[in-house]
Amino acid sequence: MNFELTNEQKDIQKLARDFAEKELLPQVRERDESGEFPLEAFRKLGKTGIYGLPYPKELGGMGGSYLSYILAVEEISKVDAAFGIAFSVDTSLYGGSIMNSSAPDEIKKKFLAPITYGEKIGSFGLTEHSAGSDAAGQHTVATKDGDSYVINGSKCFNTNGPLADYTVIYCLTDPELGTKGMAAFVVEKGTPGFTVGHVENKMGIRTAMVSDMILDNVRVPAENMIAKPGEGFKLAMKTLDGGRIGVGAQGLGIAEGAYEIARQYLMQRQQFGKPLNKQQYLAFKMAELATDIEKAKLLLYKAALCKEEGQPYSIPAAMAKMTCTDTAMKVATEAVQMLGGNGYMKDYHVERMMRDAKITEIYEGTSEVQRMVISSHLGVK
């Protein structure tokens, strides 16, 4: 068992780290206040091909490893978790829907290649106001009409929605069949009847663009169907498993970023005649948090490798997502506490990280859902 990263993985890690520190960190606080997404920076990072890391070269990707992609999301999220989730949704959820589908290679390439280099942006339309953790409770319907389908309904909490050029929409072709009739389509921006609805004003990840997406008699060609009726639910669940590894990377990055800020602060801040890091309680607390981060990292990297090597990864993904995001919330909250009054102030970033961390325990399957997934396999060999 080798825990050493390859030279290629180290290069990707450094590329993402340098980009985050140079391009994202200087204005991250101002963006958090304004809620403005750094679209120019997103396009700039895309030119490196990093969004297509885990996808084959013949489909427009970089032919890299899934772990390399996870390392990149982790590094970005140490600085800007909102950018990290936009990256993850683009690659894991939108890209994963295309890649995991049964669509012909020419359709996969058509809708995947422009995403991988940041020319286009993708989003993932599954959640509805009546269908959150219960993804089977869909009400969006696609009706066949000649060589097209007409889609009616709406999606909510759609990350990248207002920015997206392509959105994968999961919907029912026959409501009476439920998930047995679920299909998936790529809907392109500008298609008549496909509009952005309410844009959310959020507690954290404030610069990530999250909205309702409205489908009012939206006509899409049959070739845009990437999952046939009956295949959609399975595709969504498989894609979410990969997405959970991406959110795990976001959570791990938040935890590491908050930990480093606290570590530097405790080394510099003097109280009672010595630096705070020499106070036993705080030193022991940091030791505990460092161990939590390392445990989360091992679970995350294991899940990424399971997916990369074609092994079953649903349970490793659930374990990684649950552990990394719970760790993010714990570390960020402790960092605010350890910085005292300064931790509550925006200048030190940890209050933003605490707000960002909370959503990681909720989206792409709450921590409670991850426990359901894991516990459902107890006793299964």
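In helix H11, residues 367-375, the buried residues are Ser367, Val369, Gln370, Val373 and Ile374. Buried means under 20% relative accessible area, exposed over 50%, and partly exposed in between, with a 1.4 Å probe and protein chains only. Helices are DSSP runs of H or I with at least four residues, numbered from the N terminus. Seen down the axis of H11, the buried residues fall within an arc of 155°, so they line one face of the helix. That arc is taken from the directions from the helix axis to the C-beta atoms.

This is a predicted model: local features need pLDDT of at least 70, side-chain atom pairs count only at pLDDT 80 or more, and totals for chains, interfaces and linings use all residues. Residues are numbered from 1 along each chain as its sequence is written, and side-chain values use heavy atoms, leaving out hydrogens and water.

Now the other face. Turned away from the buried side of H11 are the exposed residues Glu368 and Met372. The cover over the buried residues of H11 includes helix H7 (232-268) and helix H9 (314-338). Contact means heavy atoms within 4.5 Å.

Follow H7 onward. The axes of H7 and helix H4 (residues 66-79) come within 7 Å and cross at roughly 40°. Axes are lines fitted to C-alpha atoms, for helices over the stretch in contact, and angles run from 0 to 180 degrees between N-to-C directions. The contact is made by residues including Tyr66, Tyr69 and Ile70 of H4 and Gly242, Ile245 and Gly246 of H7.

Key:
Helices (H or I, at least four residues) and strands (E, at least two) are DSSP runs, numbered from the N terminus.
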